[in-house]
Amino acid sequence: MSATLFIDGAAGTTGIEIAQRMQGRNEFTLITLADDKRKDDDARREAINDADYVILCLPDEAAVSAAAMAQNPRTKIIDASSAHRTSQGWSYGFPEFRKGQRAEIASSNRISNPGCYPTGFLALITPLIAGGLIPADTPITCNAVSGYSGGGKALINRFEQEASIGFRAYGLSMGHKHMPEMKHYSGLDHAPLFAPSVVHAFRGMFVEIPLIRTSAMASADDMLACLTDLYRQEPLISTLPHSDELLIRNGCDAHDGLDLYVAGDGNHIRLIAMLDNLGKGASGAAIQNLNIAAGLTETLGLRV
């Protein structure tokens with residue numbers, strides 16, 4: 001028998017892509033609600049407690065309410081919002097970024113998908129801090145660019161209606177919702193200075209940590225060797241030689257991989273991650289966590 005899966009928020013950008021990818025997956029039977037029941041709390045509560053697995057694709061407040069509806073101890077919840085990423089009792093759904101995380105996810109009934117920007121940031125910085133290649137008290141800046149699909153339907157509509165927008169900087173109040181998990185899981189003593197932005201491409205993401213090397217830091221070559229060794233056996237993460245340019249292109253297909261680069265000239269180092277904000281940064285990560293939670297081959301249904 002196949003397991004049952006309910007996607008709460010299946011009409012949103014992330015939920016739509018997960019539902020599309022789950023078509024044809026005979027390991028799961030989708031529980032769906034009629035359009036007039038999607039916001040009916042009684043119908044949602046019943047679906048959540050009838051399901052073996054639930055993926056929440058909701059705003060933070062709604063995700064907290066939905067998680068509280070689950071009374072069936074069998075039900076495993078994967079939350080794609082930022083509501084539970086640093087919450088006690090929730091496993092952080094980034095299996096590759098540190099040893100033991102995959103096993104923790106597999107044994108948990110509450111899994112929180114990582115944010116898209118933190119996926120790139122933590123993949124780079126966490127192992128380098130843990131390995132002592134970058135001191136934990138180093139002031140860190142993270143510059144990042146995302147395709148506009150990362151902002152959900154409202155931002156998608158804005159970018160598609162206002163063709164003149166080429167670049168949008170935001171988060172200037174320094175209170176971006178990804179900051180808590182970036183600080184919490186990085187091992188840094190202080191939160192990074194995070195500078196997110198959006199460009200006129202539907203999907204794709206570029207996350208960069210520029211460093212001015214101090215005597216307490218390892219070399220770029222040593223940082224690359226650390227990352228290469230950690231991720232050598234990971235099917236979704238690659239450490240690659242860099243060229244003089246890295247591009248986010250319009251019209252890219254969904255991609256669930258994460259590509260890491262280290263560039264340096266001795267005193268200056270650029271740590272760079274590239275990923276699909278809707279793939280490894282959202283829907284693909286949720287499916288990866290679902291596969292792990294269900295004891296299936298981790299890459300089933302993923303696009304590498």
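## Notebook: cores, helix packing and aromatic pairs

**Entry 1: Phe28.** I began with the surroundings of Phe28, which, leaving out residues up to four places away in sequence, touches Ser2, Ala3, Leu5, Met22, Tyr53, Leu290, Ala294 and Leu296. I note here that the model is predicted. Phe28 belongs to strand E2, residues 28-31. Is Phe28 buried or exposed? Its relative accessible area is 8%, and the cut-off for buried is under 20%, so Phe28 counts as buried.

**Entry 2: the nonpolar cores.** I next looked up the largest nonpolar core and found that it has 41 residues. Phe121, Val207, Leu211, Met223 and Leu271 have the most contacts inside it. Which elements give two or more residues to this core? They are the helices H5 (116-130), H7 (179-186) and H8 (220-231), together with the strands E7 (141-147), E10 (205-212), E12 (258-264) and E13 (268-275). H5 gives the most, with 9 residues. Another core lies apart from this one; it has 20 residues, including Ile78, Ile111, Ile287 and Leu290.

I also recorded the contacts of Leu211. Neighbours within four places in sequence aside, Leu211 is in contact with Ile134, Ile140, Met217, Met223, Asn267, His268, Ile269 and Leu271.

**Entry 3: H5 against H8.** I looked up how these two helices pack. The angle between H5 and H8 is about 105 degrees, and their axes are 10 Å apart. Angles of 65 to 115 degrees count as roughly perpendicular, so H5 is roughly perpendicular to H8. On the side of H5 the contact is made by Ala123, Leu124, Pro127 and Leu128; on the side of H8 it is made by Met223, Cys226, Leu227, Leu230 and Tyr231. How many residues of this contact are nonpolar, polar or charged? I found 9 nonpolar, no polar and no charged.

**Entry 4: aromatic pairs.** I found 8 aromatic pairs in the structure. In one of them, Tyr92 and Tyr185, the ring centres are 3.9 Å apart and the planes stand at 15 degrees. Planes under 30 degrees apart count as stacked, and the pair is therefore stacked. Tyr92 lies in strand E5 (residues 91-92) and Tyr185 in helix H7, so the pair ties together parts that are 93 residues apart in sequence. Tyr92 is buried at 1% relative accessibility, and Tyr185 is buried at 9%. Ring pairs also link Tyr92, Phe94, Phe97 and Tyr185 into a cluster.

A second pair that I looked up is edge-to-face: Tyr148 and Phe202, 5.6 Å centre to centre, with 85 degrees between the planes. Tyr148 sits in the loop between E7 and helix H6 (152-161), and Phe202 in the loop between strand E9 (193-199) and E10, 54 residues apart. Tyr148 is buried, with a relative accessible area of 8%, whereas Phe202 is partly exposed at 30%.

**Entry 5: H7.** I returned to the helix that holds Tyr185. The buried residues of H7 are Met179, Glu181, Met182, Tyr185 and Ser186. What do these residues pack against? I found that they pack against E5, H5, E7 and E9. After H7 comes Gly187, whose phi is positive, near 90 degrees.

How values were computed
Residues numbered from 1 in each chain as written. Predicted model: local features only at pLDDT ≥ 70, side-chain atom pairs only at ≥ 80, totals over all residues. Heavy atoms only, no water. Core = buried A, V, L, I, M, F, W, Y, C linked by side-chain atoms within 4.5 Å. Buried < 20%, exposed > 50% of the residue type's maximum accessible area, 1.4 Å probe, protein only. Helix = DSSP H or I, 4+ residues; strand = E, 2+ residues; numbered from the N terminus. Contact = heavy atoms within 4.5 Å. Axes fitted to C-alpha atoms, helices over the stretch in contact; angles between N-to-C directions. Parallel < 35°, antiparallel > 145°, perpendicular 65-115°, else oblique. Nonpolar A, V, L, I, M, F, W, Y, C, P; charged D, E, K, R; others polar. Phe/Tyr/Trp six-rings, centres within 6.5 Å; stacked < 30°, edge-to-face > 60°.
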